[in-house]
Amino acid sequence: MPTIYKEILIDASPEQVWDAVSDVGAVHHRLVPGYTENTLMDGHERTLILPNGGMVREFIVSIDERKRRMAYAVQEGSMPLLHHHASFQVFPHGDSGAKLVWITDFLPEHLTIGIQTRVNRAAEVMKETIEAEKKGGIL
């Protein structure tokens with residue numbers, strides 16, 4: 001099973017990064033605005049509405065405040081996934097920054113390039129969005 005491991009260094013406190021990551025109903029504002037247009041919550045189910053009219057339905061598996069870790073699984077979307085599980089975990093980095101670790105396991109293997117491309121772009125948007133929020137700005 002392929003695994004994509006992405007480290008994102010963010011110029012914001014671990015507390016601020018965790019606050020954005022754990023706000024699972026505000027992905028379209030706090031993590032990837034423009035990448036998602038809206039986030040709908042129904043219990044542990046999260047639906048991301050995409051700009052192209054598509055959607056991704058996810059299940060929030062766990063939110064661990066103590067470890068600053070959130071795990072989720074894609075249930076339905078445009079990619080023909082057989083399996084998907086991902087997690088975000090926030091760690092201190094340097095004197096005042098944070099390291100956001102995003103790990104994604106999935107099948108089938110032939111989707112690796114497409115998923116890696118999406119992870120890389122989303123990571124850039126997350127970093128920009130969280131750093132802009134720290135400075136009081138909005139992207």
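Which strands and helices do the buried residues of helix 3 pack against? They pack against strand 1 (3-10), helix 1 (14-22), helix 2 (27-30), strand 6 (83-93) and strand 7 (97-107).

## Basis of the model

This is a predicted model, in which local features need pLDDT of at least 70, side-chain atom pairs count only at pLDDT 80 or more, and totals for chains, interfaces and linings use all residues. Residues are numbered from 1 along each chain as its sequence is written, and side-chain values use heavy atoms, with hydrogens and water left out.

Helices (H or I, at least four residues) and strands (E, at least two) are DSSP runs, numbered from the N terminus.

## Helix 3

Helix 3 covers residues 112-134, 23 residues in total. From its first C-alpha to its last it reaches 32 Å, close to the 33 Å expected at 1.5 Å a residue; the expected span is 1.5 Å times one less than the number of residues.

The buried residues of helix 3 are Ile115, Val119, Ala122, Ala123, Val125, Met126, Thr129, Ile130, Glu131 and Ala132. Buried means under 20% relative accessible area, exposed over 50%, and partly exposed in between (1.4 Å probe, protein chains only). An α-helix has 3.6 residues a turn, so residues three or four places apart point the same way.

## Backbone features

Just after helix 3, Gly136 has a positive phi of about 85°. In the loop between strand 7 and helix 3 lies Pro108, which is joined to Leu107 by a cis peptide bond with omega of about 5°.

Arg68 is not a glycine, yet its phi is positive, at about 50°. Arg68 belongs to the loop between strand 4 (55-64) and strand 5 (69-76).

## Aromatic residues

The structure has two aromatic pairs. The ring centres of Tyr72 and Phe88 are 5.9 Å apart and the planes are at 20°, so this pair is stacked. Tyr72 is in strand 5 and Phe88 in strand 6, so the pair ties together parts 16 residues apart in sequence. Rings of Phe, Tyr and Trp (its six-membered ring) pair if their centres lie within 6.5 Å; planes under 30 degrees apart count as stacked, over 60 as edge-to-face and the rest as tilted.

Tyr72 and Phe88 are both buried. Ring pairs link Tyr72, Phe88 and Trp102 into a cluster. The charged end of Arg46 sits over the ring of Tyr72, 5.6 Å from its centre; the criterion is NZ of Lys or CZ of Arg within 6 Å of the ring centre and within 35 degrees of the ring normal.

## Thr36

Thr36 is located in the loop between helix 2 and strand 2 (38-42). Its relative accessibility is 5%, so Thr36 counts as buried. Leaving aside neighbours within four places in sequence, Thr36 is in contact (heavy atoms within 4.5 Å) with Val27, His28, Leu48, Ile49, Leu50 and Pro51.
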